[in-house]
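Here are some notes from one colleague to another, to read with the model open beside you.

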Amino acid sequence: MSTQEANIDAVQHMPPLIDGKREEPLVAIRDLFVHFDLGVKRELAPGKGRLRIILSTIGACVGCAVLVLLAIRFGYYPAAGWARLLVTAFVFGIAFQISSALALLVIGKSVRRTVKAVDGVSLDIYPGETLGLVGESGCGKSTLGRAILRLLKITSGEVFYRGRDLSKLSSREMRQHRRHLQLIFQDPYGSLNPRMTVGQIVGEPLETFRIARGREAERRVQELMETVGLSKRFIKRYPHEFSGGQRQRIGIARALSVDPVFIVADEPISALDVSIQAQVMNLLERLRREKNLTYLFISHDLRAIRHVSDRVAVMYLGKLVEVAAAKTIYDDPLMPYTKALISAVPVPDPVAEAARQRIVLEGDVPSPINPPGGCRFHTRCPYMIPACQEIVPPLVEIKPNHFAACIRISPEEPDIEKVTSGMAPGLAVAKAIAEAG
Amino acid sequence: MSTNNGNVLEVKDLRTYFHTEDGTVKAVDGLTFNLKRGETLGIVGESGSGKSVTNLSIIRLIPSPPGEIVSGEVYFRGQDLLKLSEREVRSIRGRRIAMVFQDPMSSLNPFMKISRQLMETTELHLGHTKRQAREHAIKMLETVGIPDARERIDNYPHEFSGGMRQRVMIAMALSCEPELLIADEPTTALDVTIQAQILELIKTLKRVTGTSVILISHDLGVVAGMTDQLIVMYAGKAFEQAPTRELFATPGNPYTKGLLRSVPDPTDEQGKLYQIPGLPPDVAHLPPGCPFAPRCERAEEICHREFPPFVQLTAEHHSLCHFAREVFEESAGGGSRTQQH
């Protein structure tokens with residue numbers, strides 16, 4: 001039982017980045033949930049569509065007949081044949097719509113629709129590292145990034161920054177902390193105010209946080225522009241005069257203006273051309289070294305993530321499914337989802353590409369509205385067994401500093417290929433954790 | 001006249017210019033290539049390099065004005081598409097040459113059931129009756145791997161996910177068994193796992209039907225696994241043109257080399273990523289010499305002064321560079337060195 005306890009402990013506290021020395025995380029996320037309530041919707045059970053049409057038609061006939069009879073009784077029914085036809089058809093149409101809605105009310109069922117964008121995520125980010133967060137669109141990676149910065153309402157859970165729980169701060173206290181926590185946006189076209197000059201865009205946070213004013217502010221803006229590789233001459237220009245890559249540099253300069261400690265980079269290179277992507281990645285890397293920054297680098301581009309990150313967290317439908325060092329994730333992924341994800345990345349080498357055996361996943365990512373129960377990935381997983389539909393797999397340390405959420409593997413049997421079919425060595429631990437939690 | 005030696009498409013010196021207030025933009029400037037039956041040609045380049053305009057020129061969908069196909073010949077099965085009347089082109093477009101675009105949502109009519117949209121093509125081009133067209137549409141949806149095709153055919157585009165919509169687009173494109181399929185960034189809007197599905201699908205369908213494909217992409221990884229031949233475009237020009245394997249193994253152009261090096265290699269250890277300095281050029285105001293010269297590492301005085309020649313390196317390998325041969329030999333040497341590792 002001791003290994004199980006150790007595993008439960010490991011889930012709560014991610015291990016230190018450097019072996020032996022336990023470092024305090026800069027940002028610690030504990031059991032974070034971000035749910036969006038889309039309200040209640042009445043839905044028809046599949047196969048009841050025909051019943052609804054029959055009911056609506058009957059309702060429409062009855063309603064139409066009643067109205068026409070009333071109209072005749074009170075003398076509002078037109079005399080001409082074509083006008084009668086027109087009025088009757090019109091009344092029938094409206095009656096059909098009304099009875100259709102009524103039918104849904106009677107034979108339908110209320111379903112509360114919740115988008116579980118982030119669903120119980122625990123993660124530590126250590127000072128000076130780049131943590132890559134990767135996943136398909138709709139998996140909640142951007143929501144997680146924004147929730148850390150408190151740009152979204154957290155449903156439950158805690159986000160600690162240097163030991164202080166950000167989710168409990170008042171908005172005034174949070175404003176003080178905002179200086180240390182910055183965001184770089186994906187869309188370099190939408191995230192800059194088109195009516196402000198570059199100087200104003202980059203300088204605005206200096207005034208907001210009362211860091212510098214006037215001459216001093218101008219000097220700092222010039223400095224920042226040089227840091228990100230933009231000429232000082234551009235200071236009076238407007239965003240539309242710049243290309244995507246240059247705009248991204250402006251966004252980076254603005255984020256840097258307040259001397260942040262931690263930056264969430266939300267798909268910072270996705271909208272850029274290949275040759276410009278490399279420039280921006282190198283810029284971010286250089287800034288990290290020079291200014292001792294810590295990044296949460298969010299991207300769907302696995303090649304970019306591999307290049308910039310020290311550690312990588314893989315997310316699927318609101319949950320973390322694997323966390324490990326970047327090299328480990330790519331060379332030795334444990335989760336079937338991670339394996340498929342990495343195998344899907346096309347390699348720019350025709351010879352290797354021809355020789356490669358690719359794992360092609362069936363189907364699409366399920367909707368995050370009322371996602372599948374048990375393991376979220378079970379609908380697409382080639383290794384699915386019945387238990388996967390019931391048990392929510394916890395993130396367990398399978399190998400040292402390598403976490404994965406899959407009941408079909410365990411520290412004793414980490415290779416899913418070698419696990420006997422139908423067996424689930426991680427099941428006991430998962431059950432123990434489910435009971436403990 | 002064109003020869004009909006197994007080439008589905010022969011493009012000769014295609015030039016498409018856009019006349020704007022800002023000057024003439026030479027979006028495609030002198031492109032020549034041949035495409036054999038069953039082969040796949042890849043066109044890569046950054047945004048604004050002219051790869052999509054090439055595709056639109058071939059199928060004569062350039063908005064005019066401001067666009068104009070200034071010169072060139074596009075022989076499709078021996079017939080010059082640029083000389084045909086609008087009506088004749090329409091009978092080829094959609095039937096013998098089909099297109100798949102990047103954004104499936106904006107290429108499908110959101111107000112029409114997909115059954116209607118799929119049936120329209122075959123009713124128009126193959127003269128199917130409603131019933132035949134419907135059966136054919138269901139068969140096509142099954143071919144591209146849409147589950148429950150018989151039920152889903154009466155759905156509207158918004159009821160499908162992005163990957164499924166792209167499958168519908170492919171089903172529509174292939175429903176008349178075209179001889180040429182032009183896919184313009186077909187997977188750019190999709191997730192990697194869905195991208196893998198779609199690429200696999202195009203590969204399979206190509207093998208089964210023998211269709212020739214032009215695949216336009218900005219992703220070198222995508223074209224590496226999919227194409228037989230490759231054209232690298234920059235500022236409207238074909239900077240390099242070669243069989244895919246040869247181009248990746250021994251690039252003969254500094255731009256291609258730079259592009260290949262600026263893609264992070266997952267198998268490689270972390271280090272500084274190679275970056276091409278500067279920005280893609282403004283195509284309306286190109287510098288007098290080589291358009292890549294301001295960003296090029298090995299640019300010399302001549303590059304800024306004179307437009308580079310189109311150098312033939314091997315039988316099928318061409319490169320637009322003053323120093324094409326040197327670059328080619330360098331990468332041949334470097335290539336064998338990396339292989340020894």
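1. Helix 4 and helix 7 of chain B make a right-handed crossing. In this predicted model, the axes of helix 4 (residues 114–126) and helix 7 (residues 162–174) of chain B come within 8 Å, at a crossing angle of roughly 25°. With angles under 35 degrees counted as roughly parallel, helix 4 of chain B is therefore roughly parallel to helix 7 of chain B.

2. Which residues make that contact? On helix 4 of chain B they are Ile114(B), Gln117(B), Leu118(B) and Thr121(B), and on helix 7 of chain B they are Val168(B), Ala171(B) and Met172(B). By class, the residues of this contact are five nonpolar and two polar, with no charged ones.

3. The axes of helix 6 (residues 198–208) and helix 8 (residues 244–256) of chain A come within 7 Å and cross at roughly 25°, so helix 6 and helix 8 of chain A are roughly parallel to each other. The crossing of helix 6 of chain A with helix 8 of chain A is right-handed.

4. From helix 6 of chain A, the residues that meet helix 8 are Val198(A), Ile201(A), Val202(A) and Pro205(A); helix 8 of chain A brings Ile250(A), Ala253(A) and Arg254(A). The classes here are six nonpolar, no polar and one charged.

5. Please also look at helix 4 (residues 141–148) of chain A, which is mostly covered, with seven of its eight residues buried. The buried residues are Lys141(A), Ser142(A), Thr143(A), Leu144(A), Gly145(A), Ala147(A) and Ile148(A). After helix 4 of chain A comes Arg150(A), with a positive phi near 60°.

6. Now for chain A as a whole. Its secondary structure amounts to 14 helices and 12 strands. The radius of gyration of chain A is 28 Å, whereas a compact globule of 437 residues would have one near 22 Å. The C-alpha trace of chain A spans about 90 × 65 × 55 Å along its principal axes. Of its 437 residues, 40% count as buried. Among contacts in chain A with a separation of 6 or more, 68% are between residues 24 or more positions apart.

7. Chain B has 13 helices and 12 strands. Its radius of gyration is 21 Å, close to the 20 Å from the globule rule for 341 residues, so chain B is as compact as a globular protein of that length. The C-alpha trace of chain B spans about 65 × 50 × 40 Å along its principal axes. Buried residues make up 48% of the 341 in chain B. Of the contacts in chain B between residues at least 6 apart in sequence, 63% join residues at least 24 apart.

8. Finally, how many residues does each chain bring to the contact between them? Chain B gives 38 residues and chain A gives 34 residues. On the side of chain B that touches chain A, at least two residues each come from helix 7, helix 8 (192–209), helix 9 (220–226), helix 10 (244–249) and helix 11 (254–261) of chain B. Helix 8 of chain B gives the most to this side, with seven residues. The side of chain B that touches chain A divides into 18 nonpolar, 14 polar and six charged residues.

Conventions: Residues numbered from 1 in each chain as written. Chains lettered and ligands numbered in written order. Predicted model: local features only at pLDDT ≥ 70, side-chain atom pairs only at ≥ 80, totals over all residues. Axes fitted to C-alpha atoms, helices over the stretch in contact; angles between N-to-C directions. Helix = DSSP H or I, 4+ residues; strand = E, 2+ residues; numbered from the N terminus. Parallel < 35°, antiparallel > 145°, perpendicular 65-115°, else oblique. Left-handed = near helix turned anticlockwise from the far one by under 90°. Contact = placed C-beta atoms within 7 Å. Nonpolar A, V, L, I, M, F, W, Y, C, P; charged D, E, K, R; others polar. Rg over C-alpha atoms; globule rule 2.2 N^0.38 Å. Buried ≥ 20, exposed ≤ 12 C-beta atoms within 10 Å, placed from the backbone.
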